[in-house]
Each structure stands twice: as structure tokens, then as C-alpha cells.
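Biologist: I am new to this model and would like to go through it term by term. Please give the rule behind each label as we reach it.

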Amino acid sequence: MYFRVHQKSDAGPGITGVMAFANLQRRCPALCSGGLRPARYAGETPARQSAGSLALSVEFFFETVLMKRLSVSLLAFSLLAFGLPQAILRPAAAVSQGQPAPAGRNQSQSDIRHGAAPPPAPGLCAACIRAHMEFLASDAMRGRGSGTADELLAATYVGAQLRAYGIAPAGDAGTYIQRAVLQQPKLAALPLLTFAKPGTGDPGEKVTWTYGKEFIALRLSQTHFSGPLRVVNSDKINPDEDDTQVAGSIVLMVGSGSDRRKLRARAESLASAGAVAAIATANAEEAGRFPERSEHLPPLPTQIEGRAAPGLENNFSLLEVSLEAAKTLEELPANTRLNFDSSSTSERKYTWNAIGLLRGSDAKLRDSAVLLSAHLDHLGIGRPVNGDDIYNGADDDASGTTAVLELARILGAGARPRRTVIFALFGSEETGGLGSTYFREHPPLPLREIAVNLEFEMLGRADPAVRSDTVWLTGWERSNLGPTLAARGAKLVGDPHPEQNFFARSDNYVLAKKGVVAQTVSSYGLHRDYHQPSDDLAHIDFKHMDAAIGSLLRPVSWLVNSSFTPKWTEGGKP
């Protein structure tokens, strides 16, 4: 976006004319909407040029004792002479296909005094959806990396859109931006993994492994951790019986083969069961790259300043060892204690949320707010894949951010909803739900006044596991929210991937842990572009995305105007 500087020339009405036009446009929007423009620009159509060319600017100069130089513009004359007939002849409903309809708040005072019914809220704007996506997921945004200037730019963009939609700011100091102060720890030396190997002595021979030689970290959450070693078979059909015995342990996973997706899913299951860390076995080729990968030490999770742990992290680490090292671990006695040690430094950084609020009109319901949210950050610039190092995050989660913006546009344009609606776009979700955690601790309303949270995550592509026009809700069985919205017309079903534990893997979980009925709407079909540079605009299914957002318009409109308060089912609250 850029602003054109108008200069006085015979191509347009000049500064005086532009100012007069702007003043007149404020006073008579009905006439100015007929198409009259203050200047003529290169490349415009003849129809648009005609209005600008008819804008006359005549200057009269009077030099007297009582008067100094006076500039009088006859722009108003040209408007009455040429703009009015054009406005009358042009069809009143000439709205470009896919463009937003006029906001309901622009209804004239005359119509209101005479009791005319307010115009209906505008429908879905496909052009708006595409425009948001083309900006947020563009290469210019450099992947909206968590806690980077690109994330701040995304938050600023969202705030500007919320203002345009008539949503009040609810961030810091009367702005839309809410800033959180973070601490970013960084490894200062190669980590070590130590344990005692049985031998003739007591307690046995101490073995020390070095990062980049015998092992690396695929995910590292702490600089120090330890626990008894347990061995589990990742290929077991019913692994739950193992999971009940791994709390506090470091778990060696055997039998997982080369399926890294299966391995990570098993690791997530172990993390949920309370394991301190899991260890996978690398094949010979992967182990051969350990020295190269050790040149770049693994990142540590960022933390909100003053807090012990972030909102979505569970202090779980995932290591990978060579085949020889795995055989050594398998031969150790059960419950041999493993110790991971490293040193670190820390630096201050920031993350940014964008927050707006639409105050409810009903005195009884305005304190039972609906929170509509998504995360605006992604992975930023990363390891190149096929020459591309920008992780655009089109599906994850420019699509969810766009859904919230479209709902804000529609709800802001119609009659004020009875309930208060909060629009929150969180930063640093990808680094542990930091933005949503800070929001939870510093909400624009007391947390007890937020009745429900709908998070929107990855709506840009259809999930083959459900119908193409359908989206799903995480934790469907945990509350009565999903079935109620479905009964109101939402094309919404339960999460078809319960083994992925998506309910606990997005910002909704941060609120749910504090009692808010908070669940995520998605259509993520486990596509292989997840967290890859190929998650870009070329892979977005806009037809599906329009349908997905469109199917939620009436149910969400009903929700923000109803007295329905979702409840957790028995055992559903995390």
C-alpha cells in the first residue's frame, strides 16, 4: 500500500480542490459515492477520468486593505453539475463482485427516524479473504516469524483492519497492539548426556556422550533434565499401557522404523503421559550428519519474562541417537539414570498480539463475551527446501487470521451484537503459545467474563477425512459447543484425528486450562506442507476456504447474540 501525493497541475484539482473534495465528501457521502474523484491518474479508465477532468479549479485573487489572498474552488459546482446526474444514472447496487457491501452503520438518520429496517449485515467477501491472504502469506512478510519485526508488522496490519471495520482497540494504551516481554535462552556450549554403565566398580563406569557425536536434539525444552531410562516399543498396537508407566522417565523408543511422522506422534503421546524426554534412533545416513547439524545448536523455548514456563510447552525434549548408541542404551539395566546437561545465556525480546473489542449492546449479556482468535505468527526464515527459505504459513495460520478478520468485518458492519466480542490475533504461538498466555494473564475483560473461545487454525485446505465443505472442532466430546453450533447450521464435525491431540496443540488450550470453554475450528488434513516453505498461497484452496468461513457466519452470529453459555462435559475440562 502506498499514498499518492497530489500536486497542483492541470491533471487534477490541486491541493485546494482535494481538500474541498474531502470536506464535501464527508458532508455528502451519498453524492460522492456516485463516482466523482478528486484527481485523474495514469492508467485509469475513461469513465473514471471523466469525473476528474470535470473538476474545475478557478482562483480569484483580491488584493485590498481588508482582504489578503483568497483562493476559491468551484469544485462544488462541478459536483452538482456533473456528479449528481452520474450518481442518479448509475445503478445504486453497483458493487464489484466479491467486494464488501456498504456497512449497516451508514444508514441515514432520516431512515432511522422513520423506523426503516436496518440493512442486512454484508455477506462473505471473497475478495477480502484473498486480499488478506495475499498480504499475510506473501514473501514480503518473511514468514511472520515469532517475536520478529515481521510478526509486529502482521499485528499492525491486523489492527489497521480492525479499525477500518469499526472494532475498538483493546491493546496497550488505547492501541490494538499488546506487547509481551520475553526472555530467549540460548545454548552456550555443546550439551552432554551422561550415565553410569555397569562394571566392576560401584557405581560403575561413567559414560559421557557429546552433542553432534553420539546424539542430537530434535526438540529441546530445558538445559538440564534427568530421569530413569525406560524402553518402549513404538510399534505396539496398544501403547497406552506403556504410557501409564513413563511419567518422569526418559524413554527410548524402539521399533519405530523410518516413519518420522509416526515417531513424532508417539513422542507426543509420551509427552502427554508425563515423560521427561524421548529418544529415537537415527539411521546410518542421518547419524552421519550429526557433526554438521551440531554446528547449529538447537533453540530453547522462549519464555514470558517472570514466568517459569510458557503456555503450550510441556518441558518435553526429543533426542536422536546413533544406531550404536541406541544398542548401548538397550543393554543398560532398567531405570538407569540419564542426565542431560548444558549451559545457556539469555536475551530480552518481545512478541505482539493484536486485540480489538466490540462491546455488547445487551446489559445482561455483554459480560458473557465471545472470544474469536487465531495466531498471526509462523516460522519466519528457516532452512532452505528446494531453494526456498521463507516459511510463508499460508494455511498455518494466515488462513485462521483471515477468518477472524472476515468475522470482524461482518460483525462490525451490522447491528451491534448483544454479547461483547473480542477479536484476538496472537503472536508466538509457534514457540509455545506465548502471546495467548500473556493475553490470558492480561485480558481486556476479566477472564471470568469470557464465556467461550473459538480459535481458527488452518482452514486453507480441505481435510480428505471429512466432506470437502466441512470443518472440524478439536475436543468435540469435551463440551456441548460443537453439537450446538452444528445444530445451528455450522458444517462442523468432530476432529477425525484424535491421535494427534490437536486440542492441546493450539492457543485454545491456554484458555481451556483456566476453565474457558475453548476449542479450535480447523480443516487440517495432515498435509505434507505443514511447517514447510511449500505452505504457500499456491497450495491454498480458496473455494474451500470461502465455504468454510461462510458456513460459520450464521452460527457465529447466533452465538454472539444468544444467551447460550457452553459447558464442559463430565471429565472434559483439561
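**Labels and the values behind them**

Modeller: A disulfide joins Cys125 to Cys128, with 2.2 Å from S to S. This is a predicted model, in which local features need pLDDT of at least 70 and side-chain atom pairs count only at pLDDT 80 or more, while totals for chains, interfaces and linings use all residues. Residues are numbered from 1 along each chain as its sequence is written, and side-chain values use heavy atoms, with hydrogens and water left out.

Biologist: What makes the link of Cys125 to Cys128 a disulfide?

Modeller: A disulfide is a pair of cysteine sulfur atoms within 2.5 Å. The sulfur atoms of Cys125 and Cys128 are 2.2 Å apart, so the pair meets the rule. By this rule the count comes to one disulfide. The link of Cys125 and Cys128 is right-handed, with 75° about the S-S bond.

Biologist: Are Cys125 and Cys128 buried or exposed?

Modeller: Both Cys125 and Cys128 are buried. Buried means under 20% relative accessible area, exposed means over 50%, and partly exposed is in between, using a 1.4 Å probe and protein chains only. Of the 574 residues of the protein chain, 47% count as buried.

Biologist: How many helices and strands does the protein chain have?

Modeller: The secondary structure comes to 18 helices and 20 strands. Helices (H or I, at least four residues) and strands (E, at least two) are DSSP runs, numbered from the N terminus.

Biologist: Why are H6 and H13 called oblique to each other?

Modeller: The axes of H6 and helix H13 (residues 394-413) come within 9 Å and cross at roughly 140°. Axes are lines fitted to C-alpha atoms, for helices over the stretch in contact, and angles run from 0 to 180 degrees between N-to-C directions. Angles under 35 degrees count as roughly parallel, over 145 as roughly antiparallel, 65 to 115 as roughly perpendicular and the rest as oblique. H6 and H13 are therefore oblique.

Biologist: Which residues of H6 and H13 make the contact?

Modeller: On the H6 side they are Cys128, Ile129, His132, Met133 and Leu136, and on the H13 side Ala394, Ala398, Ser399, Thr401, Thr402, Leu405, Glu406 and Arg409. Contact means heavy atoms within 4.5 Å. By class there are seven nonpolar, four polar and two charged residues. Ala, Val, Leu, Ile, Met, Phe, Trp, Tyr, Cys and Pro count as nonpolar, Asp, Glu, Lys and Arg as charged, and the others, Gly among them, as polar.

Biologist: Why are H7 and H13 called roughly parallel to each other?

Modeller: Helix H7 (residues 149-164) packs against H13 at an angle of about 20°, with the axes 10 Å apart. H7 and H13 are therefore roughly parallel. Their contact is made by Tyr157, Val158, Gln161 and Leu162 of H7 and Thr401, Leu405 and Ala408 of H13. These residues divide into five nonpolar, two polar and no charged.

Biologist: Why does Leu153 count as partly exposed?

Modeller: Leu153, found in helix H7, has 40% relative accessibility and so counts as partly exposed. Leu153 and Trp352 are 199 residues apart in sequence and 9.4 Å apart in space, C-alpha to C-alpha.

Biologist: Why is Ser428 called buried?

Modeller: The relative accessible area of Ser428 is 1%, so Ser428 is buried. Ser428 lies in the loop between strand E16 (421-426) and helix H14 (434-441). Ser428 has a positive phi of about 55° although it is not a glycine.

Biologist: Why does His531 count as partly exposed?

Modeller: His531 has 22% relative accessibility and therefore counts as partly exposed. Phi of His531 is also positive, near 55°, in a residue other than glycine. His531 is found in the loop between strand E20 (517-522) and H17.

Biologist: Which residues is Arg478 in contact with, leaving aside its neighbours within four places in sequence?

Modeller: Arg478 is in contact with Phe503, Lys567, Trp568, Thr569, Gly572, Lys573 and Pro574. The C-alpha atoms of Arg478 and Thr569 are separated by 5.4 Å, although the two are 91 residues apart along the chain. At 23% relative accessibility, Arg478 counts as partly exposed.
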